[in-house]
Amino acid sequence: MNKGRAEAAAGAPGILLRYLQEQNRPYSAQDVFGNLQKEHGLGKAAVVKALEQLAQQGKIKEKVYGKQKIYFADQDQFDMVSDADLQGLDAKIVALTAKVQSLQQSCRHMEAGGQREAEVLQGVAEAEEDGNRAV
């Protein structure tokens, strides 16, 4: 194991814990390895070892499905969200989705207008060429 990889492996539990908490979704060891390999240079064995260590410490949860193990952040660490907060977030999502659709439609109109403008300019240029040839 080279020096850089050994340092990365030593910091692997912290990196993986932070990653699982930020993503807040379940991952297999292979998924975590694939997602973090380039960024942190962790080997698969270091990832598996760190995930198992975090699960034994109770910092993350582990579920076994046949031969596959799934790891995820302990949900007890996150704040509870009320129904009113969820409804507020849903309303924001609806409003932002409508805004995005409106902006996309505006962009399409502008792009179409630009194409029409280009067609008109091309027609003018062709007419000028035809006029110059006639002289």
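This text walks through the structure from its overall layout to single residues.

The model is predicted: local features need pLDDT of at least 70, side-chain atom pairs count only at pLDDT 80 or more, and totals for chains, interfaces and linings use all residues. Residues are numbered from 1 along each chain as its sequence is written, and side-chain values use heavy atoms, with hydrogens and water left out.

Start with the layout. The chain has five helices and three strands. Helices (H or I, at least four residues) and strands (E, at least two) are DSSP runs, numbered from the N terminus. Along the sequence the order is α-α-β-α-α-β-β-α. Next come contacts, meaning heavy atoms within 4.5 Å. Among the contacts with a separation of 6 or more, 52% join residues 24 or more positions apart.

The accessible surface of the chain is about 10300 Å², by the Shrake-Rupley method with a 1.4 Å probe, where for residues only the protein chains shown count as cover. Carbon and sulfur atoms hold 52% of that surface. Of the 135 residues, 20% are buried. Buried means under 20% relative accessible area, exposed means over 50%, and partly exposed lies in between (1.4 Å probe, protein chains only).

Helix α3 covers residues 29-40. Its buried residues are Ala-29, Val-32, Phe-33 and Leu-36. They span an arc of only 100° around the axis, so they sit on the same side of α3. The arc is that of the directions from the helix axis to the C-beta atoms. An α-helix has 3.6 residues a turn, so residues three or four places apart point the same way. The buried residues of α3 pack against α2 (12-23), β1 (27-28), α4 (44-57) and β3. Just after α3, Gly-41 takes a positive phi of about 70°.

Strand β1 holds Ser-28. Ser-28 counts as buried because its relative accessibility is 7%. Beyond its neighbours within four places in sequence, Ser-28 contacts Gln-68, Lys-69 and Ile-70. Asn-24 lies in the loop between α2 and β1. Its phi is near 50°, a positive value in a residue other than glycine. Most residues other than glycine have a negative phi.

Turn to charges. Side chains of opposite charge can pair when their charged atoms come close. A salt bridge is a side-chain nitrogen of Lys or Arg within 4 Å of a carboxyl oxygen of Asp or Glu. By this rule there are two salt bridges. Glu-52 and Lys-69 form one (3.5 Å, N to O). That pair links distant parts of the chain: Glu-52 is in helix α4 and Lys-69 in strand β3, 17 residues apart. Lys-69 also meets Glu-62 in a salt bridge (3.9 Å, N to O). Together, Glu-52, Glu-62 and Lys-69 are linked in a network.

Which charged residue is buried yet has no salt bridge? It is Asp-74, in the loop between β3 (68-73) and α5. The nearest side chain of opposite charge, Lys-61, is 4.2 Å away. Here Lys and Arg count as positive and Asp and Glu as negative, while His and the chain ends are not counted.

Finish with a patch. Val-81, Leu-86 and Leu-89 form a nonpolar patch on the surface, with about 250 Å² of accessible area together. Patches are made of residues with over 30% relative accessible area and no salt bridge: like charges are joined within 9 Å, nonpolar side chains (Val, Leu, Ile, Met, Phe, Trp, Tyr) within 5 Å. Leu-86 belongs to helix α5 (residues 83-134). Leu-86 is partly exposed, with a relative accessible area of 41%.
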